[in-house]
Amino acid sequence: DGVLMFQQVPLVEIDGMKMVQTRAILSYIAGKYNLYGKDLKERALIDMYVEGITDLMQMILMFPFSPPEAKEKNLDSVKERATNRYFPVFEKVLKQHGQDFLVGNKFSWADVQLIEAILAVEEKIPAVLSGFPQLQAFKIRMSNMPTIKKFLQPGSPRKPPPDEHYIETVLKIFKK
Amino acid sequence: MAGKPKLYYFDGRGKMESIRWLLAAAGVEFEEEFLESREQYENLLQGGSLLFQQVPMVEIDGMKMVQTRAILSYIAAKYSLYGKDLKERALIDMYVGGTDDLMGFILMFPFLSTEDKEKQHAVIVEKATSRYFPVYEKVLKDHGQDFLVGNSFSWADVHLLEAILMVEEKKSDVLSGFPQLQAFKARISSIPTIKKFLQPGSQRKPVPDDKYVETVRRVLRMYYDIKAN
C-alpha cells in the first residue's frame, strides 16, 4: 500500500504523518513533548545517552532470535556489556551531579530509555544492579513517576517479554 | 569558543565518514587524530575520553562527543542543516535513517569473509535499487524541488549523496533507473563545499583497503569475521 516507507515496521501514524525509523519517531515524540532538553548541548547529552542505551537494548532485542546454542553466550555478553560498559556510565553521571534525572535536572527521554533498559536487563539478570546504588535509587524514582508508574501496572500497553508465539509471528511475517 | 572540531578515528571511512561529510558540507574545518596502535586507543580509554569505550569520538564545543548519530544531529542542528521545525526534522530523521541502514550494509563489507562479500555485494545492490533509492526518487519527483526536505539544503541531502556514491563504487551504473537521483547527484556535487570535499586532497577517505581492515582489527582486537545480516 506504500504506507511503509522502507518496507519496515515500526510505523506510527502521528500528526498526519506515517512515521517510520524508530529513532526518528522517538526524536519527534521527545521534541514534541519537551523531553529533549532545553538547548542543543542538552540534546547532545540526551542523544549520546540514548544511543548508548540503544546499543545495549539491541543485544536484548536480538536475543530471542538467536539459536538455542548461542543463547547462553549472548546472555553473558549482555551481562558483560551492561555491567562493564553501560551501567557504570550512568551510575557515574548520577553520582557526579547528584540530581534526580540524567540531564539538566529535568525528566527527559534519556531517563525513560534508561529505566526501560534497566528493567529489560533485570528480566534476564535479576541481580544486575547489585553494584550500582545510584541506578537502584534511579530505578525506584522513575518507577514512582505517575505516568511511568501507570505504564508499569497490569493492563497498560506495555508488552511482556518475548515468548514463543511472538517469535513465531515475527519470523512468519518476515519470511520471504 | 573552542577551536576546530577534532575527530578521533582510524584513517579510513567507517562510521566517521558521514561526520566528515557533514562538517565539510557545512564548511567547517576540522582536525583529525588517527588511531594506529592499540596503545593509542588504550590511552584514550584510560583518559576517560570515550564515554562507551568506542570511537568515533569528536571534540567539539568543549564536549567529547561519542555515538555517531548524536554527533551528526548536533552538527546538523548547529549549522542549520536540520530543517526549520519539528516536522521537517522528522522527515530528515526518517530519510537519514534509511540511508544509514543502506550504508550499514556497506560499512561491514570489508570485514566479511570472502564468500560473504560476494553475497553482500548482491544484497547491497538489491536493497539500494528496490528498497532505498525508489523512496528518494519518488520524494524528489513528487515535490520537484532541488533538495529532499523543505526546499532547503539539509543533512538528508548530504547523507543521500554519500550513500549514492558509496553504492556506485560497488556498481557504477546503479543509478540507471533513477533519473531524479542522477540529477540530484549532479546538483549536490556542485554545491561549493561539497565540490571541494570531492576533490583530491580533501579529508574524504578512500574505499577501505586491506591496510585499513588490518589497522581496525589490530587496534580493537577484533579478529573475528563479522557475520553478514
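Two residues count as being in contact here when heavy atoms lie within 4.5 Å, and by that criterion, in this predicted model, 31 residues of chain A are in contact with 31 residues of chain B. Put together, chain A and chain B bury about 2800 Å² between them, and 62% of that area falls on carbon and sulfur atoms. On the side of chain A, the residues that lose the most area to chain B are F6(A), M48(A) and R85(A), which together account for 23% of what that side buries.

The polar part of the interface can be described next. Between chain A and chain B the count of salt bridges is zero, whereas 10 residue pairs across the interface are found in polar contact, with both residues of each pair at pLDDT 80 or more.

As for the elements involved, the side of chain A that touches chain B receives at least two residues from each of strand 2 (17-20), helix 1 (22-32), helix 2 (40-62) and helix 3 (68-97) of chain A. Helix 2 of chain A supplies the largest share of that side, with 10 residues. Sorted by residue class, the side of chain A that touches chain B consists of 14 nonpolar, seven polar and 10 charged residues.

Turning to the annotation, an unreviewed UniProt entry places the feature "domain: GST N-terminal" at residues 1-37 of chain A.

Conventions: Residues are numbered from 1 along each chain as its sequence is written. Chains are lettered from A and ligands numbered from 1 in the order in which they are written. This is a predicted model: local features need pLDDT of at least 70, side-chain atom pairs count only at pLDDT 80 or more; totals for chains, interfaces and linings use all residues. Side-chain values use heavy atoms; hydrogens and water are left out. Buried area is the accessible area (1.4 Å probe) that two parts lose on being put together, summed over both. A salt bridge is a side-chain nitrogen of Lys or Arg within 4 Å of a carboxyl oxygen of Asp or Glu. A polar contact is a pair of N or O atoms within 3.5 Å; within protein, one must be able to donate a hydrogen and the other to accept it, and residues adjacent in sequence count only if both atoms are side-chain atoms. Helices (H or I, at least four residues) and strands (E, at least two) are DSSP runs, numbered from the N terminus. Ala, Val, Leu, Ile, Met, Phe, Trp, Tyr, Cys and Pro count as nonpolar, Asp, Glu, Lys and Arg as charged, and the others, Gly among them, as polar. UniProt positions are given in the numbering used here, feature names are shortened, and annotations may be inferred rather than shown by experiment.
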